[in-house]
Amino acid sequence: MTATAPSDARSQPPDQHGPEDTAGLAGFGYRQELHRSLGRYASFAAGFSFISVLTTVFQFFAFGYSFGGPRFFWTWPAVLLGQLLVAACFAELAARYPISGAIYQWSSRLSNAVFGWYAGWIMVLGQIVVVAAAALALQVVLPAVWSGFQFVGTDTSPVSSDGAANAAVLGIVLLVLTTAVNLLDNKVMSLVNRIGVTAEIAGAVLIVVLLLTHADRSPAVTVHTGGGGSALLVGSFAAAYVMIGFDSAGEMSEETRHPRRVAPRTILTALTAAGVLASLLVLAALLAAPSLTDGRLGTDGLSYVLTSRLGSGLGRALLCDVALAVAVATLAIQTSATRMLFSMARDRALPLSPALSRVSPRTGQPAVPALVVGVLSAALLLIAFASPEAWLAIGTTCIVMLYLAYSMVTGPLLWRRLRSPLPPALDESGAPVFSLGRWGVPVNAAALLYGLAMTVNLAWPRSAVYDPSGTHWYFQWFTLLFLAAALALGAAWRAVRRTR
């Protein structure tokens, strides 16, 4: 792996980071270019806003319910438990390798440069798809707030032709805005992120409380009604999509003060808070829904529950909070993908690396990666104009890519543990950092098995899920085709680079 020499480090304003942070980064062979200005809450917000409870629950609730029924609630705590195993492994690595491009850096240092490169390549492509998928979520919110947001046709359902096309229009407009924010100073980006996360948490808690006060049934409904085992495997897509991106706290390590202490805690707290809040939100919606059998929960989802149970005025006000959460989530995911591109590019591991690795001394932001992520995500949204099935294909593909990339970290980490225990590490003040200790091997093994099993579950080409009309075979196989194309493109570029 080629790293930037630490001897040419550019000095930053003294309030941006301490000498321990700079020395720690220089120890990995990199200079401090990104502005180190993020505190603990900003680090938490980076992980929480990527997960974005309101964005993803509102976006995929209808899908999960349509397959799993009320029992699909139990997929949420199950996925949370599985992802906490992964997050515990990541917390250890964030304490030992506080570097941007977390998945790429961790996998490279645990295995080798080639394997780590593919982990980073899969991760960054997955993040670009996640950006597009998050931007599509505006369709399940804004038309319910005001019909004027339906620019294309009249059917607002994201799985209809009108809804899919309108989702692409709204998503592209949002990407223009998030790209602009990502070109500003990282303090501005962090401020927007913190405000958005605070509003999202407050809004989600308020929604849960209000829906519980309008509950018409008991939690027993989640046990006695719903789909079977195979239906629940499909229903778990919703929870799997929600609980990704907690590694973003590690992704922002080079911009976080005292990252060896802060990042491990915020990885775990962001996932735990999001998982618990999402589970409560789903449960409250099931208890308060006007009907579990009229079909509207499987088509209109949570927007229908809010506006029907809380009234159009309050319901729409809460939906505005959801729209803010969607915007902030898209911003956070784009920021995370930008940092991954930057980290790989400064190792000269990508095409156009000199441009992608350039950081503005004034803003502390890598501008070209932000533009690349924005343009590619917007281009991906154009698929939604072709068919409404693209909405689910894009959403599932991004989850599979991230789950696979995660396994390309937990796998080498387990291999390293089996050969010898992880060496102890200290934070900037000399105190021991987060460690699983003797629980490392069982937790790591369970995390890897969970990740691989969920990857297979998500990528399985079920025609009833991905091509219910039977007219677009390529959507049924979209995830596997996209992954194969990504690997082939990566291999081709590496082969060309070796010949130069």
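A: What follows covers cavities first, then a helix pair, then pockets.

Q: What kind of model is this, and what pLDDT do local features need?
A: This is a predicted model; local features need pLDDT of at least 70, side-chain atom pairs count only at pLDDT 80 or more, and totals for chains, interfaces and linings use all residues. Residues are numbered from 1 along each chain as its sequence is written, and side-chain values use heavy atoms, with hydrogens and water left out.

Q: How many cavities of 30 Å³ or more does the structure hold?
A: Three. A cavity is a set of points on a 1 Å grid over the protein atoms alone where a 1.4 Å probe fits but cannot get out.

Q: How much space lies in the largest cavity?
A: About 70 Å³. Volume here is the space filled by probe spheres set on the points, with grid points joined across faces, edges and corners.

Q: Which residues line the largest cavity?
A: Among them are Leu-38, Ala-42, Met-189, Asn-193, Ser-248, Met-252, Ala-332 and Thr-335. Lining residues have an atom within 4 Å of a point. Helices H2 (40-51), H9 (186-213) and H15 (312-346) each supply at least two lining residues. Helices are DSSP runs (H or I, at least four residues), numbered from the N terminus.

Q: What classes are in the lining of the largest cavity?
A: Six nonpolar, five polar and no charged residues. Ala, Val, Leu, Ile, Met, Phe, Trp, Tyr, Cys and Pro count as nonpolar, Asp, Glu, Lys and Arg as charged, and the others, Gly among them, as polar.

Q: And what is the volume of the second largest cavity?
A: About 50 Å³. Its lining includes Phe-50, Thr-55, Val-130, Tyr-241 and Ile-333. H2, H3 (53-68), H6 (113-136) and H11 (229-242) each give two or more residues to that lining. By class, the lining has eight nonpolar, two polar and no charged residues.

Q: Switching to helices. At what angle do H9 and H15 pack?
A: About 140°, with their axes 9 Å apart. Axes are lines fitted to C-alpha atoms, for helices over the stretch in contact, and angles run from 0 to 180 degrees between N-to-C directions.

Q: Why call H9 and H15 oblique?
A: Their packing angle is about 140°, so H9 and H15 are oblique to each other. Angles under 35 degrees count as roughly parallel, over 145 as roughly antiparallel, 65 to 115 as roughly perpendicular and the rest as oblique.

Q: Which residues of H9 and H15 meet?
A: On H9, they include Met-189, Asn-193, Gly-196 and Glu-200; on H15, Asp-321, Val-328, Ala-332 and Arg-339 are among them. Contact means heavy atoms within 4.5 Å. The residues of this contact divide into 13 nonpolar, four polar and three charged.

Q: Now pockets. How much space lies in the largest pocket?
A: About 570 Å³. A pocket is an open set of points with protein on both sides within 12 Å along at least five of seven lines. The largest pocket is lined by 31 residues, with Ala-62, Ser-157, Pro-158, Val-159 and Thr-299 nearest its centre.

Q: Which helix gives the largest share of that lining?
A: H3, with six residues.

Q: How much space lies in the second largest pocket?
A: About 490 Å³. Of its 22 lining residues, Trp-121, Leu-125, Ile-128, Leu-376 and Leu-489 are the closest to its centre.

Q: How do the residues of that lining divide by class?
A: 22 nonpolar, no polar and no charged. The largest share, six residues, comes from H6.
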